[in-house]
Amino acid sequence: MAAKKNDLLICTTLDECKTVEEMLSSMERAKVEGADLVELRIDSMSSNSSLNNLSDDIQRLLKQRTLPVIVSFRLKSSGGSYKGYEKKTCFQVLGLALQLEADFIEVELEVVSDFLAGINLNKGSNSKLIVSYYVDGGTPSRDELSHIVARLQSTGADIFKLVVNTIYITDVAQVLHLLPHCQVPLIACAVGDRGLISQLLCPKFGGFFIYGSIGGKPVPGLPTLVSLRQVYKVEHLNVDTKVFGLIANPVGHSKGPLLHNPALRHVGYNGVYVPLLVDDIKEFFRVYSLPDFAGFSVGIPHKEAAVGCCDEVHPLAKSIGAVNTIIRRPSDGKLVGYNTDCEASITAIEDVMRARRCANGESSNTSPLAGKLFVLVGAGGAGRALAFGAKSRGARVVIFNRHYERAKALALAVSGEALPFGDLNSFCPEKGMILANATSLGMQPNSDQTPIAKEALGVYELVFDAVYTPRKTRLLQEAEAAGAVVVSGVEMFIRQAIGQFNLFTGGEAPEEFMRSTVLTQF
């Protein structure tokens, strides 16, 4: 298999297989899930095998392979699992793979000179040589990375591979920077939760090789093979692709990529939407200042801090004090902040209340929230949007938050009332109230949590939960059982995403398509 810089290859590493049978079975599964090739980690098989057995295993694997393969033998210093005399075994394994014309063999930089000195490298061989370097510790500086690449290039290998540990998502920018400037094909991986975009955005920056995980197995920093093919469709990304994404921490729960990526393709827009696990939002925007990083959703816990990152803020977002959408204006590169949460959440609640009133023969031009006691749990970015929205509709707002001072500050801003969080379960001044949860309590994976005891839910006419994973949270299940009307955060998610899509693209969102996508995917 030739390795051309413009060809995109998707690979998965088989590093937990102990037998040939397991390797072959996993290889077949990888093929079904969309892999172009697999990396056979022979060191993972070697702990229970003699060298003679390993030789037999390699011959069987190469003879029966159903995909092109990389044969590798990771050293312990790079995370390998071999417990014996690793260097000798490594050389013999890779030498045999070379003789048998494996598609690729991977040799680590620290031993490649010794390996090449001990073999007769046939220039007519169909095998391609990958020389790899695994950086121990955090991500080196740009100059240090360039020096490492120069060392890799000096080996004369067909392909270079660089793997770094990512501490912050901003570290990935240095890795992506290498891809368009390397004259020889470079595999670049930033591992760890914050390194995910090193794989998702690799094709945009000129990379030709992506790693994914098999079988939906969660691996820090790696997308699944299925998501690479079906959600992100990375084979269609190119230098002109605009980057959008969700800035949040945590970010793994987000369904944004499942909605925005199909919607972008549906309207023929060359863009990709990715999860961005961000610790410091100001530093993120300082580093990722390229025009092609064109728009962002903002989630927990950054919605309030995002206001200070923007060059301009829409009046509604400014009054709320929270931004959930940022676009980079094409004309001058300035960051402009918006809030699509407010109308999305309030109209989701209003529409359900209006539908019930219509069913009862009632009609009114005023908001069904007017005069209602609106009990809000949470005073963060989503809570601020709900509080301002409810106030604008004439509701009486009462706020509960674990940090009482934050509740007081928000209550002051909306002429509402703040009460201690511990009083929530006993709060019952009247019946027919509205309850809105704007905290992360109940979000996957902690779906057993709820902000309020089920015994306290009987006094509420309607309960809204901004959490949308799971679709019906424990709070909504218990509220429904208590006789309340419930409104899922999924409805808010759809509406705010439609608003974001319009801002991202400057066009009209395919609303029907987006709604059907959410309702079938979630």
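Thr224 sits in the loop between strand 8 (209-211) and helix 9, where helices (H or I, at least four residues) and strands (E, at least two) are DSSP runs numbered from the N terminus. Leaving out residues up to four places away in sequence, Thr224 touches Ser213 and Gly216; contact here means heavy atoms within 4.5 Å. Thr224 also pairs up across the sequence with Glu33: the two are 191 residues apart along the chain, yet 8.9 Å apart in space, C-alpha to C-alpha. This is a predicted model, so local features need pLDDT of at least 70 and side-chain atom pairs count only at pLDDT 80 or more, while totals for chains, interfaces and linings use all residues. Residues are numbered from 1 along each chain as its sequence is written, and side-chain values use heavy atoms, with hydrogens and water left out.

The C-alpha atoms fill a box of roughly 85 × 50 × 40 Å, taken along the principal axes. Of the 522 residues, 56% are buried, with buried meaning under 20% relative accessible area, exposed over 50% and partly exposed in between (1.4 Å probe, protein chains only). Take the contacts between residues at least 6 apart in sequence: 69% of them join residues at least 24 apart. The accessible surface comes to about 21,900 Å², and carbon and sulfur atoms hold 49% of that; such areas come from the Shrake-Rupley method with a 1.4 Å probe, and for residues only the protein chains shown count as cover.

As for charge, the chain carries 52 positive and 54 negative charges, and their mean positions are 2 Å apart. Lys and Arg count as positive and Asp and Glu as negative, with His and the chain ends not counted; each charge is placed at NZ of Lys, CZ of Arg, CG of Asp or CD of Glu.

The chain is split into domain 1 (9-239), domain 2 (266-338 + 495-521) and domain 3 (365-487), with bounds that come from an automatic or database domain assignment. Taken over C-alpha atoms, the centres of domain 1 and domain 2 are 34 Å apart. Where these two meet, 19 residues of domain 1 and 16 residues of domain 2 take part in the contact. The size of an interface is often given as the accessible area lost when the parts come together. Between domain 1 and domain 2 the buried area is about 1,400 Å², with 70% of it from carbon and sulfur atoms; this is the accessible area (1.4 Å probe) that two parts lose on being put together, summed over both. On the domain 1 side, Ile169, Thr170 and Arg194 supply 33% of the area buried against domain 2, more than any other three residues.

Arg151 counts as partly exposed because its relative accessibility is 36%. Beyond its neighbours within four places in sequence, Arg151 is in contact with Leu109 and Tyr133. Arg151 and Phe209 are 58 residues apart along the chain, and 20 Å separate their C-alpha atoms. Ser146 lies in helix 6 too, and its relative accessible area of 38% is why Ser146 is partly exposed. From Ser146 to Val175 the separation is 29 residues in sequence and 9.8 Å between C-alpha atoms. Pro315, meanwhile, is found in helix 12 (residues 315-320). With a relative accessible area of 59%, Pro315 is exposed; its C-alpha atom is 32 Å from that of Val485, 170 residues away along the chain.

Most residues other than glycine have a negative phi, and most peptide bonds are trans. The bond from Gln444 to Pro445 is cis, with omega near 10 degrees, and Pro445 falls in the loop between strand 18 (433-437) and strand 19 (460-465). Another cis bond joins Thr469 and Pro470, where omega is about 10 degrees; Pro470 lies in the loop between strand 19 and helix 16 (474-481). Lys233 has a positive phi, near 45 degrees, in the loop between helix 9 (225-231) and strand 9 (242-248). At 27% relative accessibility, Lys233 is partly exposed. Ser415, not a glycine either, has a positive phi of about 55 degrees. Its place is the loop between helix 15 (404-413) and strand 17 (417-420), and Ser415 counts as exposed because its relative accessibility is 61%.
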